[in-house]
Amino acid sequence: MANFPVINMEKLSGEERAATMDQIKDACENWGFFEVMNHGIPHDFMDTVERLTKEHYKKCMEQRFKELVASKALEGLQAEVTDMDWESTFHLRHLPQSNIAQVPDLSDEYRKVMKEFALKLEKLAEELLDLLCENLGLEKGYLKKAFYGAKGPTFGTKVANYPPCPTPEKIKGLRAHTDAGGIILLLQDPQVSGLQLLKDGEWVDVPPLRHSIVINLGDQLEVITNGKYKSVEHRVIAQTHGARMSIASFYNPGSDAVIYPAPALTEKEAAEEKQLLYPKFVFEDYMKLYAALKFQAKEPRFEAMKARETTAPIATA
């Protein structure tokens, strides 16, 4: 199998730009995932984010997780658990309105650093969306505009720790799923692996690389590209040794954004007599459906939105 795609973003400003854009195109079409290096976020700043996240887990969350494991009798599992994940998490919201000031137990330094990290990731997400537009033949800014809604995009972060697990064969760190939203930017542990994606029927490791950001595409980009780019199933395998840190930031459409295949792509496909595959819907409606069906296949979600569209068509702004 081909190597997991790693993109050096420095090459986008040199003679190797065309080859690098081809790498991104191939990653979007055939993997749904890639890692970016030299993305403009300083390495020492990323080290600070990692240090503070691990310190926060040790100080505020580790004991809670141990108590949860004891209360749910997860310590010496005999049978496979399919309705829970071996993870300790909290969530931060950045856009349309930040909640970082209200999240309990964060140190002042950690709040400040996570706020700054979110701004850097927002900028990187928008830069990547424009690179996707270029590869798709869409006008610059099209994807950002498609996500916009009345108040701009939705942007938030899930901070997760996957502690050592005595029975990884009985419980997943995180069960297999596709991501509902737009483009996802992940700072993962540089040493402890565990993230896998499904490619050609096989689970493939996403390699931990220090100072990289892992990018994956969500369901909304599959819809907007009319299936040219696909969201890909992924999971986290629990490990017997080493705690794995994961900071996943989700740059998603605004809740009221109307999502549908880009006309520039569907017109081209209509000329080639390809059928319009994907529905039109309000992002918030999709999220309500996703909340109940996250760990199931995405295709029935798309079908359900298509059925709803035929009974109650949505106007495009």
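The structure holds 9 aromatic pairs, counted where ring centres of Phe, Tyr or Trp (its six-membered ring) lie within 6.5 Å; planes under 30 degrees apart are stacked, over 60 edge-to-face and the rest tilted. Phe45 and Phe117 make a tilted pair, with 6.1 Å from centre to centre and 55° between the planes. Phe45 belongs to helix H2 and Phe117 to helix H3 (residues 108-136), so this pair ties together parts 72 residues apart in sequence. Helices (H or I, at least four residues) and strands (E, at least two) are DSSP runs numbered from the N terminus. Both Phe45 and Phe117 are buried, that is, under 20% relative accessible area with a 1.4 Å probe, protein chains only. The charged end of Lys120 sits over the ring of Phe45, 5.2 Å from its centre; the criterion is NZ of Lys or CZ of Arg within 6 Å of the ring centre and within 35 degrees of the ring normal.

The model is predicted: local features need pLDDT of at least 70 and side-chain atom pairs 80 or more, while totals for chains, interfaces and linings use all residues. Residues are numbered from 1 along each chain as its sequence is written, and side-chain values use heavy atoms, without hydrogens and water.

An open, mixed sheet has 7 strands in the order E1-E2-E9-E6-E11-E4-E3, where pairing requires at least two DSSP bridges. Strand E1 (6-8) and strand E3 (88-95) are at the edges with a single partner strand each, so one side of each has no neighbour in the sheet. Strand E6 (residues 183-188) pairs with strand E9 (residues 213-217) in the antiparallel sense over 4 bridges.

Key. Buried means under 20% relative accessible area, exposed over 50%, partly exposed in between (1.4 Å probe, protein chains only).
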